[in-house]
Amino acid sequence: MPTEHAILAEIPRLRRYARALTGNDADADDLLQDTLERALGKWLLWRPGNLRAWLLTMMHHVFLNQLRHRPTLVTLDEDTPAIPVRPQQQDELDVRDLDRALGRLPPEQREVLLLVGLEELSYADTARILGIPPGTVMSRLSRARERLRAILAGEDRPMHLKVVK
Amino acid sequence: MNKEHVSKDQLHAYVDGQLSAADAMRVTAHLAVDADDEATVEAWRDQKILLHAAYDRQLDAAIPHAIATRLKSPSNQPFRRAAIAAAWLAAGIGIGIIADRQLAAPSDAPLALASLPQRAAIAHAVFTPEVRHPVEVGADQEAHLTAWLSKRLGHTLRAPKLAVEGFHLVGGRLITADNGPGALLMYEDGGGQRLTLYVCADNQDSGATAFRFAHQDGVSTFYWIDGRQAYALSGKLTRDALLPIASTVYRQLNGDS
């Protein structure tokens with residue numbers, strides 16, 4: 001069993017991923033909690049290695065399960081109540097807009113986009129975590145980035161996003 | 001160079017820093033002459049910047065109360081540790097930031113010492129709520145307990161006697177410390193108040209340090225290093241209440257006795 005310390009150290013990153021994946025705090029907390037519970041139940045199966053990848057694999061399975069049982073998890077529409085987020089500075093991107101943009105990607109594309117683009121994992125690790133061939137990682141990544149680009153560019157729907165550099 | 005030489009997958013790998021240096025240079029040269037691909041790469045890079053700008057703040061967020069509460073519910077007894085651990089995470093992040101700053105700034109506190117109170121406080125928070133299995137070996141087998149832990153630590157460990165302070169030994173357990181085995185001794189007073197003494201090897205060989213004090217979320221910790229051992233005494237007590245007990249422990253472990 002990994003040390004408590006090691007698991008604790010992974011929680012912030014798991015939470016960041018869960019938050020981006022689900023699009024809101026409540027679902028992110030559910031996903032994180034269910035993942036930790038599943039991990040607690042399976043610690044005996046853990047073998048020394050990449051703890052982060054192991055926990056992310058667990059989160060992937062839990063996420064799929066939640067999608068199956070709660071299809072509303074990713075159906076973010078314009079009526080979804082806004083999550084209050086105080087902008088840290090003028091003109092900073094609106095997290096809600098990005099949540100909505102990501103919410104319009106198919107879940108399997110969103111997972112790849114976030115594991116690679118946010119969690120900065122290698123394509124090989126991403127493939128292992130999601131249990132898909134490396135070629136599928138690349139095709140999903142490509143589709144996700146093109147779709148997101150279209151959404152952010154307003155081709156898909158007017159958005160109010162811009163990068164502050 | 002024409003477009004056929006750089007595939008879309010390579011453009012992705014370029015954005016994600018997953019190309020070899022030679023391939024990355026090749027793509028850089030290609031982008032200089034291909035405005036479309038250049039714009040594509042720029043857009044993908046912006047996406048990554050957006051993702052980090054939107055979600056990196058989660059890394060500093062406190063663990064939501066809901067998680068701790070639900071994990072703590074009686075039907076979830078096995079998850080108590082995780083709940084407590086999650087609560088401690090918030091503290092850990094704060095301490096981690098401080099520890100990082102100490103690394104960056106000149107400091108007389110070596111790394112092992114900087115993280116010691118946090119590790120000790122987490123161990124305290126994880127193990128003291130245990131009702132049925134607070135320790136692995138009980139005080140009724142004290143000789144066996146200290147011999148066993150001494151062997152694992154590679155250092156003779158004595159269990160301080162704190163009867164004068166009103167605390168008796170409950171027992172101890174082997175724990176994982178930063179770079180190897182550590183020991184956690186647990187004490188209890190008549191009112192059920194528990195103290196933990198965290199002991200591990202000091203791999204930095206920091207020599208002897210003065211008493212230091214840390215306080216986080218109600219848990220006070222006095223810690224010090226003597227020779228090659230690091231010690232931390234933690235309890236849900238005030239600094240003033242813990243100090244005389246820590247002094248007693250220090251004298252017994254490090255004194256001439």
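Analyst: H1(B) and H3(B) lie oblique to each other, because their axes cross at roughly 45 degrees; angles under 35 degrees count as roughly parallel, over 145 as roughly antiparallel, 65 to 115 as roughly perpendicular and the rest as oblique. The two axes come within 10 Å, an axis being a line fitted to C-alpha atoms, for helices over the stretch in contact, with angles running from 0 to 180 degrees between N-to-C directions. The crossing of H1(B) and H3(B) is right-handed, meaning that the near helix is turned clockwise from the far one by less than a right angle.

On the H1(B) side, the contact is made by B:Leu11, B:Tyr14 and B:Val15, and on the H3(B) side by B:Asp37, B:Thr40, B:Val41, B:Trp44 and B:Arg45. Two residues touch in this sense if their C-beta atoms, placed from the backbone, lie within 7 Å. Sorted by type, the contact residues come out as 5 nonpolar, 1 polar and 2 charged (Ala, Val, Leu, Ile, Met, Phe, Trp, Tyr, Cys and Pro are nonpolar, Asp, Glu, Lys and Arg charged, the others, Gly among them, polar).

This is a predicted model, where local features need pLDDT of at least 70, side-chain atom pairs count only at pLDDT 80 or more, and totals for chains, interfaces and linings use all residues. Residues are numbered from 1 along each chain as its sequence is written, while chains are lettered from A and ligands numbered from 1 in the order in which they are written.

Now for H1 itself, which covers residues 8-15 of chain B; helices here are DSSP runs (H or I, at least four residues), numbered from the N terminus. Its buried residues are B:Leu11, B:His12, B:Ala13, B:Tyr14 and B:Val15, buried being 20 or more other C-beta atoms within 10 Å of a residue's own. What covers them includes H7 (134-152) of chain A, plus H2 (21-33) and H3 (35-55) of chain B. After H1(B) comes B:Gly17, with a positive phi near 65 degrees.

Within chain B, H1(B) has the highest confidence, at 95, and H5 (residues 80-104) the lowest, at a mean of 47. Chain B has a mean pLDDT of 78, with 75% of its residues at 70 or more. Residues 70-80 of chain B are below 50, and residues 93-109 stay under 50 too. For the complex, the predictor gives an ipTM of 0.82 and a pTM of 0.52.

Key: A residue is buried if 20 or more other C-beta atoms lie within 10 Å of its own, exposed if 12 or fewer, and partly exposed in between; C-beta atoms are placed from the backbone. Helices (H or I, at least four residues) and strands (E, at least two) are DSSP runs, numbered from the N terminus. pLDDT is the predictor's confidence in each residue, from 0 to 100.
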